[in-house]
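Subject: The structure we talked about

Hi there,

Here is the structure I promised to pass on. Have a look around first, then read my notes below.

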Amino acid sequence: MPGPGPRMAMGKPKNAKKTISRILSYLRPYRARLVLVAAGILLSALAGVAGTYMLRPILNEYIVPFAATGSAELGGFAAMIAALLAIYALGALVSIMIFSLLLAQWMFKDRRINNIAQTVFFTPHLVAGVSAGFIWSWLMSSQSYGLFNSVLNSLGLPSVRWLDDSSTAMLSIIIMNTWKSIGYYSLIIMSSMKSIPTEIYEAARLDNSTGVKTFFKITLPYMMFVMTPYLITQFTGNVNNFNVIFLLSGGAPTPVGNSAGKTDLLVTWLYKLTVDQQYFNLGSVIGIMTFVVLAIVALVTYRNTASYKDEEGFQ
């Protein structure tokens with residue numbers, strides 16, 4: 001009985017050595033990549049420590065006073081964040097996708113007018129953002145030369161303060177952004193719909209599937225598989241859509257405090273803080289944090305979608 005004990009004890013280190021050698025032999029082809037990953041982790045850690053040390057004076061000088069005083073500036077910041085996440089970024093994304101889907105569904109069937117419709121709806125996407133902003137600022141102007149109010153007045157209806165009223169300004173901006181984007185996304189959706197095998201639709205007809213059920217069970221899953229990266233891109237673009245906000249409303253109406261307005265986004269508020277009020281430190285923090293948050297959200301969202309996990313699933 002005493003003999004096997006030492007042999008067993010000697011066997012464990014040998015097995016451990018074999019396991020370690022196998023792991024090292026398996027990782028040997030990936031040595032260069034592992035070194036790069038380790039270096040990236042180390043640099044990220046050093047950057048985080050250095051960034052925390054460098055940003056401490058900025059936090060103490062700007063962020064902490066906002067939270068401590070509860071001033072109107074903090075209210076403007078909260079209003080700007082709410083407008084960014086709840087109203088503009090998500091609202092514009094939903095409206096663009098809904099109208100693009102309806103337009104693509106209508107143009108999916110063969111009609112003589114389809115070529116003309118595609119040209120008409122895709123043309124706004126080719127218009128430069130600055131030009132589109134100036135055009136819509138003229139259309140929605142509250143002055144006598146505003147086209148929309150001129151039409152309403154000719155019909156005996158009162159004028160609407162499209163860009164001067166907090167209840168209509170953000171909606172007007174979403175309308176303009178939807179007008180500019182639906183042609184582009186409708187063509188993408190329509191191309192993804194045409195890539196769906198016809199045999200699947202024929203099988204659905206044989207099963208007496210209704211049009212609504214076919215859409216939600218076949219068309220929509222295929223379309224979302226293709227459109228998910230575009231949705232993430234559009235959301236990120238909405239967050240950073242400087243031209244539309246700056247040219248149409250300038251962040252107005254009803255400025256809160258000294259900087260943020262009712263239609264300000266992070267990027268326009270950052271512009272006001274740096275260019276108008278010379279708060280370059282705070283502007284730098286907001287710009288860096290916006291990039292970090294958007295990058296993390298985009299990566300995490302995409303890696304948890306079928307477009308990433310099942311890349312060849314719909315081939």
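Predicted model: local features only at pLDDT ≥ 70, side-chain atom pairs only at ≥ 80, totals over all residues.

**Helices side by side**

Start with α9, which covers residues 211–239, and α12, which covers residues 280–303. Their axes are 10 Å apart and the packing angle is about 165°. Angles over 145 degrees count as roughly antiparallel, so that is the label for α9 and α12. The crossing of α9 and α12 is right-handed. If you want to click on the residues that touch, α9 brings Pro229, Ile232, Phe235, Thr236 and Val239, while α12 brings Thr290, Leu294, Ala298, Thr301 and Tyr302. What kinds of residue make up the contact of α9 with α12? Seven are nonpolar, three are polar and none is charged.

Now turn to α7 (residues 169–194), whose axis comes within 10 Å of the α9 axis. These two helices cross at roughly 150°, so α7 and α9 are roughly antiparallel too. The way α7 passes α9 is again a right-handed crossing. On the α7 side you will find Asn177, Ser181, Tyr184, Tyr185, Ile188, Ile189, Ser192 and Met193. They meet Thr219, Met223, Val226, Met227, Tyr230, Gln234 and Asn238 of α9.

Is tyrosine 185 buried or exposed? Its relative accessibility is 6%, so tyrosine 185 counts as buried. Tyrosine 184 has 27%, so it counts as partly exposed.

Phenylalanine 246 and tyrosine 271 form an edge-to-face pair as well, 5.2 Å from centre to centre and with 75° between the planes. Phenylalanine 246 belongs to α10 (residues 242–248) and tyrosine 271 to α11, so this pair ties together parts that are 25 residues apart in sequence. Phenylalanine 246 is partly exposed at 37% relative accessibility, and tyrosine 271 is partly exposed at 28%.

There is also a cluster to look for: ring pairs link Trp136, Phe148, Trp162 and Trp179.

Leucine 266 is in helix α11, which spans residues 266–276. What makes leucine 266 count as buried? Its relative accessible area is 13%, and the cut-off for buried is under 20%. Leucine 266 is 25 residues from asparagine 241 in sequence, and the two are 9.5 Å apart in space, C-alpha to C-alpha.

Leucine 139 sits in α5 (residues 129–139). It is buried, with a relative accessible area of 11%. Leaving aside residues up to four places away in sequence, leucine 139 touches Gly146, Leu147 and Phe148. Phe148 is one of the residues in the ring cluster above. Leucine 139 and serine 150 are 11 residues apart in sequence, with 9.3 Å between their C-alpha atoms.

Happy clicking!

Note on methods. Residues numbered from 1 in each chain as written. Heavy atoms only, no water. Helix = DSSP H or I, 4+ residues; strand = E, 2+ residues; numbered from the N terminus. Buried < 20%, exposed > 50% of the residue type's maximum accessible area, 1.4 Å probe, protein only. Phe/Tyr/Trp six-rings, centres within 6.5 Å; stacked < 30°, edge-to-face > 60°. Axes fitted to C-alpha atoms, helices over the stretch in contact; angles between N-to-C directions. Parallel < 35°, antiparallel > 145°, perpendicular 65-115°, else oblique. Left-handed = near helix turned anticlockwise from the far one by under 90°. Contact = heavy atoms within 4.5 Å. Nonpolar A, V, L, I, M, F, W, Y, C, P; charged D, E, K, R; others polar.
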